[in-house]
Amino acid sequence: MTIRPPVRGSRHDDRRRTCPALGARSERAGTWWGDAWIEALEELALDPARLARGRAYAAAGHVDAITVTPGRITAYVHGSRPRPYRTELRLRTLPDQAWEEFLDTAAAAPAHIAALLDKDLPHALADEAALLPGSGDLIPDCSCPDDGYPCKHAAALCYQTARLLDEDPFVLLLMRGRGEQEVLAALTRRNATRMAVERAAPTPQLPTVQARTAVQSRTLPPLPPPFPAPSRPGHPPAFPAVHGGPDPLSLDLLATEAAIRAHTLLTTGEDPTGSLSTWQDAVRLAAVHPGSGLTSATRALYTSLARGTDRTPADLARAVAAWRQGGMEALAVLETPWDPPAGPFDRARPALTAAGFPDFRPSRNRLSTPTTQLRYGRDGLWYGYESDPGRDDWWPRGTPDADPVGALTARLGG
């Protein structure tokens with residue numbers, strides 16, 4: 001990469017920049033280094049109220065043109081009086097050794113140089129020379145009578161300086177002692193030296209092999225026998241609770257499921273849940289979890305699984321009840337009405353009437369009363385459901401049975 005530093009006059013001029021007043025602005029498009037500058041100010045402040053007033057002054061455009069020189073930032077800030085106050089921030093410049101380390105780090109990586117030319121400041125460069133102010137590095141001063149530390153005028157200058165830094169990180173380098181032209185010239189020299197060294201370095205000789213040797217047929221030794229499969233799935237590790245991290249119960253459940261699936265695939269060659277959809281697998285996971293819905297942890301599991309499948313926890317709870325009633329077939333009965341042949345209904349209704357249940361009305365694969373329902377599955381079984389009177393809110397109950405009277409009796413607990 002070839003760097004051509006801009007020509008901006010003498011070195012003296014390069015170490016002094018006057019930036020026109022930025023004017024009023026409600027918000028700043030913050031960079032990470034601009035945010036770090038403001039954090040240093042806020043750690044310094046003894047009175048948050050003065051910071052708030054300084055932020056308001058900056059947003060209202062009360063800060064005039066800002067002059068930046070090594071170790072010093074000055075501007076006139078308008079307050080409540082007609083005459084503006086002279087305000088400044090002092091910041092320690094970096095010693096020569098720190099600058100040498102900064103320049104060496106920047107020149108060693110072309111991406112760092114490209115970032116600087118693009119007005120970006122990589123973290124590695126800022127950290128190398130401690131460019132950003134730490135606690136106590138900023139020293140405010142103002143001609144106003146306010147004895148706050150900092151006063152609202154110095155705070156306003158600091159907030160406006162953050163906007164300058166957002167637009168051009170070379171302002172920060174100038175505060176620390178070096179102008180943009182000076183920095184780019186030093187990087188040009190280092191970059192040219194590095195490229196010259198690279199060109200002079202001998203090209204390493206890679207090992208070679210003759211083509212006929214590479215393509216000739218040869219007999220490879222047999223592979224070692226595979227390790228025997230373990231007798232049972234392994235136990236997952238313990239997952240500690242971490243603030244802001246994933247739920248340990250969910251991690252444990254998923255890790256256990258993965259171990260069981262891997263063991264089954266290893267020993268049988270089949271994936272027991274590979275054919276399930278995301279929704280079906282979520283229902284299965286919730287259904288096999290012991291005590292689901294009774295504790296805060298399992299309620300959190302329901303909420304997480306429901307969110308991941310774009311369903312509600314109530315949808316998941318109803319589907320879990322169906323899965324526990326009869327697995328995949330019961331879930332299909334819950335979710336998919338269909339039109340069965342007439343024979344099962346022709347036999348079911350007389351059987352129900354003879355057993356003392358004459359009020360069932362047919363609709364597709366369902367026989368219903370206001371509070372009880374039987375659904376006929378494609379597997380030839382009847383599945384019991386119930387609902388509160390006056391509500392079309394059916395929940396699976398009981399055990400499936402080929403006999404509708406048996407399914408109804410199981411639902412009633414008889």
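Visitor: Does aspartate 310 count as buried or exposed?
Guide: This is a predicted model, in which local features need pLDDT of at least 70, side-chain atom pairs count only at pLDDT 80 or more, and totals for chains, interfaces and linings use all residues. Residues are numbered from 1 along each chain as its sequence is written, and side-chain values use heavy atoms, with hydrogens and water left out. Buried means under 20% relative accessible area, exposed over 50% and partly exposed in between, with a 1.4 Å probe and protein chains only. The relative accessibility of aspartate 310 is 72%, so this residue counts as exposed.

Visitor: Where is the place of aspartate 310?
Guide: Helices (H or I, at least four residues) and strands (E, at least two) are DSSP runs, numbered from the N terminus. Phi of aspartate 310 is near 60°, a positive value in a residue other than glycine. Its place is in the loop between H13 and H14.

Visitor: With which residues is arginine 311 in contact, leaving aside its neighbours within four places in sequence?
Guide: Arginine 311 lies in the loop between helix H13 (296-308) and helix H14 (313-335), and its relative accessible area of 35% makes it partly exposed. Its C-alpha atom is separated by 24 Å from that of proline 272, 39 residues apart along the chain. Contact means heavy atoms within 4.5 Å. With neighbours within four places set aside, the contacts of arginine 311 are Trp279, Ala306 and Glu335.

Visitor: Which residues of H12 are buried?
Guide: Eight of the eleven residues of H12 are buried, so this helix is largely enclosed by the rest of the structure. The buried residues are Trp279, Asp281, Ala282, Val283, Arg284, Leu285, Ala286 and Ala287.

Visitor: How are H11 and H12 placed relative to each other?
Guide: Helix H11 (residues 248-268) and helix H12 (residues 278-288) pack with their axes 12 Å apart, at an angle of about 105°. Axes are lines fitted to C-alpha atoms, for helices over the stretch in contact, and angles run from 0 to 180 degrees between N-to-C directions. Angles under 35 degrees count as roughly parallel, over 145 as roughly antiparallel, 65 to 115 as roughly perpendicular and the rest as oblique. H11 and H12 are therefore roughly perpendicular.

Visitor: How wide an arc do the buried residues of H5 cover around the axis?
Guide: In helix H5 (residues 110-117), the buried residues are His112, Ile113, Ala115 and Leu116. They lie on the same side of H5, because the arc that they cover around the axis is only 160°. The arc is that of the directions from the helix axis to the C-beta atoms; its value for H5 is 160°.

Visitor: What is phi of lysine 119?
Guide: Lysine 119 follows H5 and lies in the loop between H5 and H6. Its relative accessibility is 29%, so lysine 119 counts as partly exposed. Phi is positive although the residue is other than glycine, with a value near 60°.

Visitor: Which residue does a cis peptide bond join to tyrosine 149?
Guide: The residue is found in the loop between strand E5 (139-142) and helix H7 (152-167). With omega at about -5°, the cis peptide bond joins tyrosine 149 to proline 150.

Visitor: What separates the C-alpha atoms of cysteine 151 and arginine 50?
Guide: Cysteine 151 is in the loop between E5 and H7, and at 4% relative accessibility it counts as buried. Leaving aside neighbours within four places in sequence, its contacts are Arg50, Cys142, Cys144 and Asp146. Cysteine 151 and arginine 50 are 101 residues apart along the chain, yet the separation of their C-alpha atoms is 6.2 Å.

Visitor: What radius of gyration does the protein have?
Guide: The radius of gyration is taken over C-alpha atoms, and the globule rule is 2.2 Å times the number of residues to the power 0.38. Along its principal axes the C-alpha trace spans about 110 × 85 × 35 Å. A compact globule of 414 residues would have a radius near 22 Å, but that of the protein is 38 Å.
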